[in-house]
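The report below looks at how parts of this model meet one another, first within a chain and then between chains.

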Amino acid sequence: MNLDLTEEQEMLRTSARDFLTKECPKALVRKLEEDNKGFSPDMWRKMADLGWMGLVLPEKYGGQGMGFMDLIILLQEMGRNIVPGPFFCTVVLGSLPILNAGSEEQKNEFLPKIAKGELIMTLAFTEPSARYDAAGVHTKAETHGDTFVINGTKLFVENAHIANYIICATRTRKGDAPEDGITLFIVDAKSQGIKCEVMPTIGADKLCEVVFDNVKVPKKNMLGKLHGGWHILSKALEQATIAKCAEMVGGEEAAMEMTLAYVKERVQYGKPIGSFQVIQHYCANMWMNVETSRDILYKAAWSVAEGLPTSDTEVAVAKGWINEAYKFVTERALQCHGAIGTTRDHDIGLYYRRAKSGELAFGDTDFYKEVVAQKLGL
Amino acid sequence: MDFKFTAQQEAFRQEVREFLRKELGPDWKGGKTQEMFSPEFSRKLGKKGWIGIGWPKEYGGGGRPHMDQLIFGEEMLYGRAPAAAHILAQNMVGPTLINVGSEEHKKKFLPMILSGEVVFCLAYTEPQAGSDLASLQTNAVADGDYFRLNGQKTFISFAGEAHYGWIGVRTDPNAPKKHRGISIFIIDMKTPGVTTRELHTMFDHTLYEVFFDDAKVHKSCVVGQLNQGWYYITQALDHERVFMAATIAGYQRIFDEIVEYAKVTKRNGIPLSKDPVIQQKLTEMAIELHVGRLLGYRLAWLLEKGIVPFSEASISKVFTSELEKRLGNLGMQVLGLYGQLQQGTPRYAPYDGYLEWEYRFSPMQAVGGGANEIQRIIIAIAGLGLPR
């Protein structure tokens, strides 16, 4: 057993923290919440220069050749800072499925550009049925010679409004099981028939409705095999879930630190409120949530990185736990801050809202409890 | 990062598991606190060389690293091994003597602890000194080569069975700070002037009051240096902490039994495990246990690196003790009406009333060993740097 970060991970963490502290102040986060695009092209380019977009991509595709655990460390830092923009959907939802399942040609076409920060990617999976399982995929793709034609509506698609390519999960046949008959396509977002609308959300995180109306995709843009997309998608979702957990744990840490700083400084009755036992107990409870979240994040991410057969259980436990922990920590953080914390100008509210959107992404707590129940054989 | 145990560690786990199965029998289900007190089992464990597996080899211990101790503790707890007769001596008395004890104390006590032949009781708490332990009043006054002890201890486990008492007493009533006037004594429980009285708990465990009425003990009974007792009490907790890291394993056993019961027991024609409300409760607990176990691993890992996990130990204590109460409640909820049936009820009591007992026992951990309210303050002040 070794529960320490590697030296490289420590360095990555430090450099990410330094960079984001300087380049991504909360004032910018707030500004970009209101911005149509929702990201800063300038920061995006700098992140690409640091090699972040290609962090886990092999060197032959222009990447850094680092591992999934390293990406987790980076995402934790990004979650700490609530970095706005399409990093998550480009790298986690876009590049990883192509790396895992793409043809050599597709890898060569997309991965080097992603690594350079030249492409924004996203994944269109969920639909108005709002479920994270195979049975929720109704959007159809029908074959017409060498092209497929996609029809349907995708919902909660991250940053589709600025994406260059959308990996779209479609149903190509009705099999015995819902998992059978799903096919993935890498769709050029400028294709005729795509309509995209940003929805205002609690996390101001640019989730979109994307309507596919007779959208033509060449067969060569199929990711993986015909009807065999679920296998790719489920792995992508597992990676995305624990990657989301990393962002959330980073957010927990930030909310905790802001609260500690505040209760040490805020004076009432002639004393810092952090000297009152009730506040100390709140903080202890918050800290227990942060510590446990971190441990389960690393354990689950490690299981995914190692490709262990238990990784699905680990990820379910992690998301189930971290969902609740992030909400708990930010709610207590608000309480400790008092009225000032509820204002738009204060940073705590940013985290409070993100805790909720984080919970909803890739399966809420009830969803993962169900997974755990199945694993227990109930 | 790597969460795997080594092949040797897995083999050790297997060895412990098999030993326990052989010694306790495949049907051993453990028991209440009193049944977990077995000098016979402690002697067997001593003979196997598995008392003090973490003590340094030069003192007759196993010299095993913390991760091995964690594994050992997990198997002992999951197997409900009756270790109560030696656990305190192993975790508290021995390690403190190794650190600060006289040669005489080491020679006399360490071998008998390792062989499982001696029972110690730990007597700190007093009627007026619970959470505020440093205000304890039992006093020892020098009288030539002897001390005379007067005062009262309370809530002491196994004081009636113990050969020796490990006692915190005030030796300098004029010390500028109350923490500086405390010493630790080892006393023979048969010393004239030392008497005990039973206190019966709602979880069927007999605790004791211990009275000191001018009890005369030789000055050689002082552990380490005079007036350094508070330091010893608070510092020598490593072995206690690694044992704490394993705590969840015992709860996992209870949980596994609850799950098994839910799978095989039908209510209204369907297995309890298919009832959505029961399922919800079971999965919540499964997640908590999973997370709690990792807290223990983190604790053991820090110890292995030579870091004193001060606030981490408090986190672990609070988390596991509160989990235990929820677990006790969960068991009762799953059992429904049958939950109230006690050990010995013919035919009807599931697990012979074990979960009924667990429900009564489960509040204990959050109260004992430093109340959780105090632990949270330790976390806040020592761990998070909040002002006093």
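## Domain and chain contacts

In chain B, the centres of domain 1 and domain 3, taken over C-alpha atoms, are separated by 22 Å. This is a predicted model, in which local features need pLDDT of at least 70 and side-chain atom pairs count only at pLDDT 80 or more, while totals for chains, interfaces and linings use all residues. Residues are numbered from 1 along each chain as its sequence is written, and chains are lettered from A and ligands numbered from 1 in the order in which they are written.

The domain bounds, which come from an automatic or database domain assignment, are as follows.

| Domain of chain B | Residues |
|---|---|
| domain 1 | 7–114 |
| domain 2 | 120–227 |
| domain 3 | 237–383 |

Counting two residues as in contact if their C-beta atoms, placed from the backbone, lie within 7 Å, 16 residues of domain 1 of chain B are in contact with 18 residues of domain 3 of chain B. On the domain 1 side, helix 3 (66–78) and helix 4 (87–100) of chain B each give two or more residues, helices being DSSP runs of H or I with at least four residues, numbered from the N terminus. Helix 3 of chain B gives the most to that side, with 8 residues.

Between the chains, the contact takes 34 residues from chain A and 35 residues from chain B. On the side of chain A that touches chain B, the largest share, 14 residues, comes from helix 8 of chain A.
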